[in-house]
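Let's take a walk through a few helix contacts and a couple of individual residues. Have the coordinates open while you read.

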Amino acid sequence: MTIEEWLNKDELAITIWNNKYRFENESLDAWFKRVSNNNPEVEKLIREKKFIFGGRILANRGLNSKNKKITYSNCYVIAPPQDNLESIFECGSKLARTFSYGGGCGIDISNLRPTGSKVNNAAKTTSGAVSFMDFYSYITGLIGQSGRRGALMISISCDHPDLEEFIELKSNLDKVTKANISVRVSDNFMKSVINAETLILKFITDTGEVITKEVEAYPIFRKLAEMNWDYAEPGILFWDAIKNWNLLSNNPDFSFAGVNPCAEEPLPSGGSCLLGSINLAEFVTECETFDFVGFKDTVKKAVVALNEVLDEGLPLHPLIEQRESVKNWRQIGLGVMGLADMFIKLGIKYGSEESIKWINMIGTEMIFSALESSNELTISKGAYPMFNTKVVDTPFFQALNTKENNLRYQELRSNILLRGLCNSQLLTCAPTGSIATMLGISTGCEPIFATSYTRKTESLVDKEKLYKVYTPIIQNNFISKGVPEDQFPEYVVTSENIPYIERIQVQAALQKYIDASISSTINLPESATIDD
């Protein structure tokens, strides 16, 4: 098989493979074998476009033998800096080292004292937590990653007295240009917003100094919305939901320290995650039904494959704290892509009640199969070292116990109590921007962006030429069959004509079965207001 055959002669797709994932002049067959580590089952899934690893695995797997300092992980969370200069600069050093291996990072600065606090040095008072963000942003832009820019997420608690300064930071376009920022929002904060209550933002230093700031909750939230409308940041992390909706919420030895740059992976200090995605569109049969048997088999094989990569990549993490965290918690992040393509193949409108029913069926099978596979792996690998049987009592796990699934649930519960799980986190949905585009399918759980787009090229006589390109699912299912654009079925919808509430409902339905999180883009119309 040639790359042209595998990627349907798509110039953009072939360019992505050549520039991002191919090593030097390796052939496609050699690439298949390298990224699958000669595992024929995994290689078959990748060839068939049913499953594919995340970008760092595709680019780096097997290259450590060539004396390259690389990692297989897309995602890291660095231990939050403590409230002293040594820790603040040590965090910068950890960022630099991790970026140099190709990983993206998240850090939380909530431990750093607010502006004006007393310090015992020449400055007498500190410039505040937010002032160090430019330092971390600068490091991110400084370290090259073979054509990629390092990715950084900086978060802060909604209880921090520097909250307003953090929210307004990016109104200065010269500030923190190489990082995304998000506010860790609590349920209590949101209730205060809804009830228009006063909040006391509070910080206690190591010397016992108490810094408080009284604010009105609604204007703070309004300012956050205004900033997002104008500058697309900060984002919001619903921190109580993150802490409570997972397989670790009852484990007293575990806590999340932050999230990775795209926020689909909440992680502990030093935490890392390996990503892989299942292409849902490839499980629609010619009879326009969904192959649940094949899907279940693929989920189980994908969990095994990601665990193989985890073991192989354990010594390759840049920092000792990362190796220790991965060894103890063994996070993997299996997700989906091609959801919108799947709906079109099935003749289902994205966002409809029927689409929600399908997500529930697919999500149920995915989480059960992933948990069963992780449990079965303990026979050969044992449970992850920090395993605690309380996972079976978490709200996330107990929500799987429905009337329809009770027998399967009870058997799974018994097996987990008996043997444990090989992984503390299993499912996540990454953006899949590059890999989905390479495979010619819709990204993550998002609708198709458009039915067609205009591509620009320059001809042999250096003249700019514009030509129309149809999205692959549209080209294959309609244009190639002679269906004109004005006669597309009503179930063919794009991001611009799906009400954002329906878009949220789709993601919310899927999130019920995802024990980590989902990274995706929700497009609002240009007419959307700050009130929206």
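At what angle do the axes of helix H14 and helix H15 cross? In this predicted model, H14 (residues 339–346) and H15 (residues 353–381) cross at roughly 120 degrees, and their axes come within 12 Å. Since angles from 65 to 115 degrees would count as roughly perpendicular, H14 and H15 are therefore oblique to each other. As for handedness, H14 passes H15 in a right-handed crossing.

On the H14 side, the contact is made by Leu339, Met342, Phe343 and Leu346, while H15 brings in Ser355, Trp358, Ile359 and Ile362. Sort the residues of that contact by class and you get 7 nonpolar, 1 polar and no charged.

H15 also packs with another helix, H17 (residues 406–419), and here the angle is about 30 degrees with the axes 10 Å apart. Angles under 35 degrees count as roughly parallel, so that is the label for H15 and H17. The crossing of H15 and H17 is left-handed. Here are the two pairs together:

| Helix pair | Crossing angle | Axis distance |
|---|---|---|
| H14 and H15 | roughly 120 degrees | within 12 Å |
| H15 and H17 | about 30 degrees | 10 Å |

Which residues do the meeting between H15 and H17? From H15 come Glu365, Phe368, Ser369, Leu371, Glu372, Asn375, Glu376, Thr378 and Ile379, and from H17 come Arg408, Tyr409, Leu412, Asn415, Ile416 and Arg419. By class, the contact of H15 with H17 has 6 nonpolar, 4 polar and 5 charged residues.

Is Thr378 buried or exposed? Its relative accessible area is 8%, and the cut-off for buried is under 20%, so Thr378 counts as buried. The side chain of Thr378 reaches the backbone oxygen of Asn375 at 2.5 Å. Leaving out residues up to four places away in sequence, Thr378 touches Ala383, Arg419, Gly420, Leu421 and Cys422. Arg419 is also among the H17 residues that meet H15.

For another setting, jump to Asn67, in the loop between helix H5 (55–60) and strand S2 (75–77). Asn67 has a relative accessible area of 75%; exposed means over 50%, so Asn67 is exposed.

Notes. Residues are numbered from 1 along each chain as its sequence is written. This is a predicted model: local features need pLDDT of at least 70, side-chain atom pairs count only at pLDDT 80 or more; totals for chains, interfaces and linings use all residues. Side-chain values use heavy atoms; hydrogens and water are left out. Axes are lines fitted to C-alpha atoms, for helices over the stretch in contact, and angles run from 0 to 180 degrees between N-to-C directions. Helices (H or I, at least four residues) and strands (E, at least two) are DSSP runs, numbered from the N terminus. Angles under 35 degrees count as roughly parallel, over 145 as roughly antiparallel, 65 to 115 as roughly perpendicular and the rest as oblique. A crossing is left-handed if the near helix is turned anticlockwise from the far one by less than a right angle, and right-handed if clockwise. Contact means heavy atoms within 4.5 Å. Ala, Val, Leu, Ile, Met, Phe, Trp, Tyr, Cys and Pro count as nonpolar, Asp, Glu, Lys and Arg as charged, and the others, Gly among them, as polar. Buried means under 20% relative accessible area, exposed over 50%, partly exposed in between (1.4 Å probe, protein chains only). A polar contact is a pair of N or O atoms within 3.5 Å; within protein, one must be able to donate a hydrogen and the other to accept it, and residues adjacent in sequence count only if both atoms are side-chain atoms.
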